[in-house]
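Here is a colleague's note on this protein, written to be read with the sequence and the 3D view side by side.

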Amino acid sequence: MRPLTDEETKIMFEKLSKYIGENIKLLVDRPDGTYCFRLHQDRVFYMSEKILKLATNFSRDKLISVGTCFGKFSKTKKFRLHITALDFLAPYAKFKVWVRPGAEQSFLYGNHVLKSGLGRITENTMQYQGVVVYSMADVPLGFGVAAKSTQECRRVDPMSIVVFHQADVGEFIRNEDTLT
């Protein structure tokens, strides 16, 4: 486990800023202690420094996971967020989308959010902005990218895609055998 390089940190923070904007600093400077990001086997983990010190007692080849996995770097050095980061993205999300109860199951099966399933959307959401998807009961379901801006959503037909699916909590069940 090692600290992220400057380039890796920049790439990861650019991806996170699409979802939580300036609130990234709230992830690192927390009132309950100092937290950090560490890289282990191309995966980025988020943990407190207390846990990091305890993890140094194990050799790298024996260590599978520590802290919360935020995402993974691909072979081309692109960063992909994992659904395990949702608990940290949801409270700080700048742009949110709420889906109707009838569209929740469709989203949880990995489908995009259609206009007909859209309950609410945060004002001034721009096209291709990262959004966190909630149920109407304010339960975070996943995250994606806005296919249309807030103004465009008002005018499109009901079968148009308004949010591109990226990850949802249903992945735990669908990919149970392959998750590591």
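1. Basis of the model. This is a predicted model, in which local features need pLDDT of at least 70 and side-chain atom pairs count only at pLDDT 80 or more, whereas totals for chains, interfaces and linings use all residues. Residues are numbered from 1 along each chain as its sequence is written, and side-chain values use heavy atoms, with hydrogens and water left out.

2. Domains. The protein chain is divided into domain 1 (2–88) and domain 2 (93–174), with bounds that come from an automatic or database domain assignment. The centres of the two domains, taken over C-alpha atoms, are separated by 25 Å.

3. The interface. Counting a contact as heavy atoms within 4.5 Å, 11 residues of domain 1 are in contact with 18 residues of domain 2. The area buried between the domains is about 1,100 Å², and carbon and sulfur atoms give 65% of this area; buried area here is the accessible area (1.4 Å probe) that two parts lose on being put together, summed over both. Of the area that domain 1 buries against domain 2, Tyr-19, Ile-83 and Leu-86 supply 62%, more than any other three residues. Across this interface the rule finds zero salt bridges, where a salt bridge is a side-chain nitrogen of Lys or Arg within 4 Å of a carboxyl oxygen of Asp or Glu.

4. Strand β4 and its cover. Helices (H or I, at least four residues) and strands (E, at least two) are DSSP runs, numbered from the N terminus. In strand β4 (residues 43–48), six of the six residues are buried, that is, under 20% relative accessible area, with exposed meaning over 50% and partly exposed in between (1.4 Å probe, protein chains only). Both faces are covered, with Arg-43, Phe-45 and Met-47 buried on one side and Val-44, Tyr-46 and Ser-48 buried on the other.

5. Partners of β4. Two strands pair if DSSP finds at least two bridges between them. Strand β3 (residues 33–40) runs antiparallel to β4 and is joined to it by six bridges, while β4 and strand β5 (residues 68–73) pair in the antiparallel sense over four bridges. Tyr-46 of β4 stands opposite Phe-37 and also opposite Thr-68 in β5. In the hairpin of β3 and β4, which has two residues between the strands, Gln-41 takes a positive phi near 55°.

6. From β5 to β6. Strand β5 pairs with strand β6 (residues 79–81) in the antiparallel sense over three bridges, and Lys-72 stands opposite Arg-80 in β6. Their hairpin has five residues between the strands, and there Lys-77 takes a positive phi near 65°.

7. The open sheet. Six strands form an open sheet of mixed pairing, in the order β8-β12-β11-β10-β7-β9. Because β8 (113–114) and β9 (118–121) stand at the edges, each with a single partner strand, one side of each is left without a neighbour in the sheet. Strand β7 is joined to β10 by four bridges in the parallel sense, and β7 pairs with β9 over three bridges in the antiparallel sense. Trp-98 has Tyr-134 as its bridge partner in β10 and stands opposite Arg-120 in β9.

8. The helix across the sheet. Helix α5 (residues 101–108) lies across β7 (96–99), β8, β10 (130–135), β11 and β12, and runs at about 80° to β11; axes are lines fitted to C-alpha atoms, for helices over the stretch in contact, and angles run from 0 to 180 degrees between N-to-C directions.
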